[in-house]
Amino acid sequence: MPYAAGSVRDIPVRGGLKLCGLTWTGQYLWYSEAVQNQIAAMDPRTGEVVRKIPCPGVRTDLTTLGGSLVQVVGEQRTLRVIDPESGDVVGELPNPRPGRLLCGLEATSQGVWTGYEDLQVIDLRSVEDLRLIASYPVRRPVAGVTVSDDYLAYADYRGCSINLIDLHQGREVASITVNGSPTGIAWDGRLIWYCDHATLQLRAIEVPGITGGRQAHDNDRR
């Protein structure tokens, strides 16, 4: 079902040139920027950036796993694991589909979700070894991924939309046209936030029917 949603919150990212990834930790929105090659934590209440971490090779999406940041980096789209306190790199994992355009990344209690722009597919993989658990073909190229209680959401950058898959039905049920060009997206339990590549803002939309009562993100289990 197609419909449009205006943003309910817009936060300019000062100094940002190419917004890529976005994740929510329960306190901060962490976003990544691919020109300055850094990851930053923003307080969404004030818009203040409270921490910046250098990250050479920032490519696309960002998530948190076991208290660490995980950023897609480099031409091979590998997964770099970073300590958010020290900024130290603590590990690097291969792209689960070598040579493919990994653009969406999200970690939840179900596993690690990886979305591919060129394949138009979103995989669910084991946290332990990235073993494939399930795949969801999608209708549009994937630019970012997030998960609420019952829905898998992905951004379509060129189509200016955020699209919802009902995880119980295993199929797409809505396409939401949004302002700007969404890349990385994140769910905070009430709102879907997205990086607007066009206007260099973090923007939030409300989506009727999505609730936060049983949020299953890894962030809540830290």
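Modeller: A residue counts as buried when its relative accessible area is under 20%, as exposed when that area is over 50%, and as partly exposed in between, with a 1.4 Å probe and protein chains only.

Modeller: This is a predicted model, in which local features need pLDDT of at least 70 and side-chain atom pairs count only at pLDDT 80 or more, while totals for chains, interfaces and linings use all residues. Residues are numbered from 1 along each chain as its sequence is written, and side-chain values use heavy atoms, with hydrogens and water left out.

Biologist: Why does Thr-60 count as buried?

Modeller: The relative accessibility of Thr-60 is 12%, which is under the 20% limit, and therefore Thr-60 is buried. Thr-60 is found in strand S7, where a strand is a DSSP run of E with at least two residues, numbered from the N terminus.

Biologist: What makes the approach between Thr-60 and Leu-102 a polar contact?

Modeller: A polar atom of the Thr-60 side chain lies 3.0 Å from the backbone oxygen of Leu-102, and the limit for a pair of N or O atoms, one able to donate a hydrogen and the other to accept it, is 3.5 Å.

Biologist: Which residues lie closest to the centre of the largest pocket, and what is a pocket?

Modeller: A pocket is an open set of points on a 1 Å grid where a 1.4 Å probe fits, with protein on both sides within 12 Å along at least five of seven lines, and its lining residues have an atom within 4 Å of a point. The largest pocket holds about 310 Å³ of space, a volume being the space filled by probe spheres set on the points. Its lining has 15 residues, and those closest to the centre are Lys-18, Arg-59, Thr-60, Cys-103 and Thr-183. Strand S3 (19-24) and strand S7 (58-65) each supply at least two lining residues, and the largest share, three residues, comes from S7.

Biologist: How many residues of each class line the largest pocket?

Modeller: There are seven nonpolar, three polar and five charged residues; Asp, Glu, Lys and Arg count as charged, Ala, Val, Leu, Ile, Met, Phe, Trp, Tyr, Cys and Pro as nonpolar, and the others, Gly among them, as polar.

Biologist: What lines the second largest pocket?

Modeller: The second largest pocket has a volume of about 150 Å³, and of its 14 lining residues the closest to the centre are Leu-65, Val-81, Leu-93, Val-127 and Leu-130.

Biologist: Why is strand S12 described as largely enclosed by the rest of the structure?

Modeller: Five of the five residues of S12 (residues 112-116) are buried, so the strand is largely enclosed. Val-112, Thr-114 and Tyr-116 are buried on one side, and Trp-113 and Gly-115 are buried on the other, so that both faces of S12 are covered.

Biologist: How do you know that S11 and S12 pair?

Modeller: Pairing requires that DSSP finds at least two bridges between the strands, and S11 and S12 have five, in the antiparallel sense. Glu-106 has Trp-113 as its bridge partner in S12. In the hairpin of these strands, with four residues between them, Gly-111 takes a positive phi near 150°. S12 also pairs with strand S13 (residues 121-125), again antiparallel over five bridges, and Val-112 stands opposite Arg-125 in S13.
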